[in-house]
Amino acid sequence: MSTPGRTTLITTPTFARHSPDPWTLLADGGAGPVRPYEDRALPHDELLRRIAIADALVAGMDPVTAEVMDAAPRLKVIAKHGVGTDTIDLAAARDRGIPVVCAPGSNSRAVAEFTFGLVLDATRRISASHIAVVEGGWPKLFGPELHGRTIGVVGFGRIGRLVAGYASAFGMRVLAHDPYVADDAVSAAGAEPVTLDALLGHADVVTLHLPPAGEPLLDAARLAAMKPGAVLVNAARGGLVDDAALAAALHSGHLAAAALDAFAVEPLPDDHALRAAPRLTLTSHMAACTPEANRAMGVMVAEDILRVLAGEPPRHAAG
C-alpha cells in the first residue's frame, strides 16, 4: 500500500517514541511523516500554519477544531494517537468528509495497570511516604488492605473490565455501572451490576473509565454521596470530576484520598485547587505511556492513514 507524494503532520511528541515501526510504515507508504518537535506538542498557531500542506494529521491531546480543518485544504484523514476522540470535532470532520480514525484497545492494559497502581498508591499512601522520606522524615503511614473491600468501576469497557479482574485477584468485591453494557454481561465478567447511586454509596474505591459527557459526572452532590472515607481514582478524562468540589471533599475529610491522571485543563495550572488538596496523588496523564501501547497506537493509526490515502475504508473509524 503506497501513497507517494503525501504528507502526514504529527503534532504529538509521543508518536513512535518507543518503536520506529509507525514512522517506517508512513515513510515506506509514501505518506511523508513530519514531526516538527520531538519534545513537545505543536502550538495551536503553528498547527494552523503547518497543516496547510498536510494530507493526514496525527494528533494527541491538542484540539482539532473546525478552524484547524478549514486551514487544511489537502486534509484527507485525521488520526487520534490514542483512543478518546473528545479533542476532535467529529461533527465538523463529518461535515467536511474527513474520516477520523483512532486506536481502540491499544492502551487498555497499560491504562488498567496504571489505574490499579493509583489504587494502591492512594490506599497505602506510597507516594506520600516517598515525599516524606525525601524531605527527611520516616513516617509509618497506615492504609487499608484491599482484600474484602469494595471497588466500584464506572464504565465497563475494555479498561474497566481489566481493572475489575485485577481487583478480583486482590479479593475485592466488584460493583460496576455502565448504562451501555447489559447486566448479564457485567455479571459474566465477575462484577455486580448496580446503579451509579448504589455504587457511590457502597464502594470503598471508585474508579472512572468512560469518556466525558459535558458536565462533570461527579459533581459536588455526587461526591458528597460517596461513602465516607472512600477513595476516588480517575485515569480517564479530567472533565468527569468537579475539581473544586473534589478538593473540598478532601479538605473536609469526607474522602480519604484521591489519585488523578487526567484533568480538565492540562498541564495543571499553578493556582489549581487540587495542588493544595491533601491526600492526593497527581500524575501527568501518563497512564497509556508504555512502550507496548505506544507501538500499538502508532501502528494502528499509521495503517489506517495509509488505507484512507489509498482510497480504502479505515479499520478503526471514530464517531
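**The whole chain**

Keep in mind that this is a predicted model. The chain carries 12 helices and 12 strands. Its radius of gyration is 21 Å, close to the 20 Å that the globule rule gives for 319 residues, so the chain is as compact as a globular protein of that length. Of the 319 residues, 47% are buried. Take the contacts between residues at least 6 apart in sequence, and 61% of them join residues at least 24 apart.

| Strands | Order | Pairing |
|---|---|---|
| 5 strands | β2-β1-β3-β4-β5 | parallel |
| 7 strands | β8-β7-β6-β9-β10-β11-β12 | parallel |

Start with the sheet of 5 strands. Its edges are β2 (33-34) and β5 (100-101); each has a single partner strand, so one side of each is left without a neighbour in the sheet. Further in, β1 (residues 8-10) runs parallel to β3 (residues 56-59), and 3 bridges join them. Look for Ile-10 in this region: it stands opposite Val-58 in β3. Helix α12 (residues 291-309) lies across β1, β3, β4 (77-80) and β5, and runs at about 170° to β4.

Now for the sheet of 7 strands. β8 (192-193) and β12 (280-282) are at its edges with a single partner strand each, so one side of each has no neighbour in the sheet. β6 and β9 pair in the parallel sense over 4 bridges, and Gly-152 stands opposite Val-206 in β9. Helix α11 packs on this sheet, where it touches β10, β11 and β12, and its direction makes about 140° with that of β11.

**Nonpolar cores**

The largest nonpolar core has 30 residues, and Val-206, Leu-208 and Leu-232 are among those with the most contacts inside it. Elements giving two or more residues to this core are α9 (196-202), β9 (205-208), β10 (230-234), α11 (243-252) and β11 (255-260). Which one gives the most to this core? That's α11, with 5 residues.

Setting aside neighbours within four places in sequence, Leu-232 is in contact with residues including Val-206, Leu-223, Met-226, Leu-246 and Ala-258. There's also a second, separate core of 27 residues, which includes Ala-164, Val-174, Val-186 and Ala-235.

**One residue in, one residue out**

Is Thr-7 buried or exposed? At 18% relative accessibility, Thr-7 counts as buried, because the cut-off for buried is under 20%. You'll find Thr-7 in the segment before β1. Not counting residues up to four places away in sequence, Thr-7 touches Ala-31, Gly-32, Val-34, Ile-53, Ala-54, Asp-55, Ala-56 and Arg-74.

Phe-142 sits in the loop between α6 (126-134) and β6 (150-154). With a relative accessible area of 74%, Phe-142 is exposed. Phe-142 and Ile-159 are 17 residues apart along the chain, and 29 Å separates their C-alpha atoms.

Technical notes: Residues are numbered from 1 along each chain as its sequence is written. This is a predicted model: local features need pLDDT of at least 70, side-chain atom pairs count only at pLDDT 80 or more; totals for chains, interfaces and linings use all residues. Side-chain values use heavy atoms; hydrogens and water are left out. Two strands pair if DSSP finds at least two bridges between them. Contact means heavy atoms within 4.5 Å. Axes are lines fitted to C-alpha atoms, for helices over the stretch in contact, and angles run from 0 to 180 degrees between N-to-C directions. Buried means under 20% relative accessible area, exposed over 50%, partly exposed in between (1.4 Å probe, protein chains only). The radius of gyration is taken over C-alpha atoms; the globule rule is 2.2 Å times the number of residues to the power 0.38. A nonpolar core is a set of buried Ala, Val, Leu, Ile, Met, Phe, Trp, Tyr and Cys residues joined through side-chain atoms within 4.5 Å.
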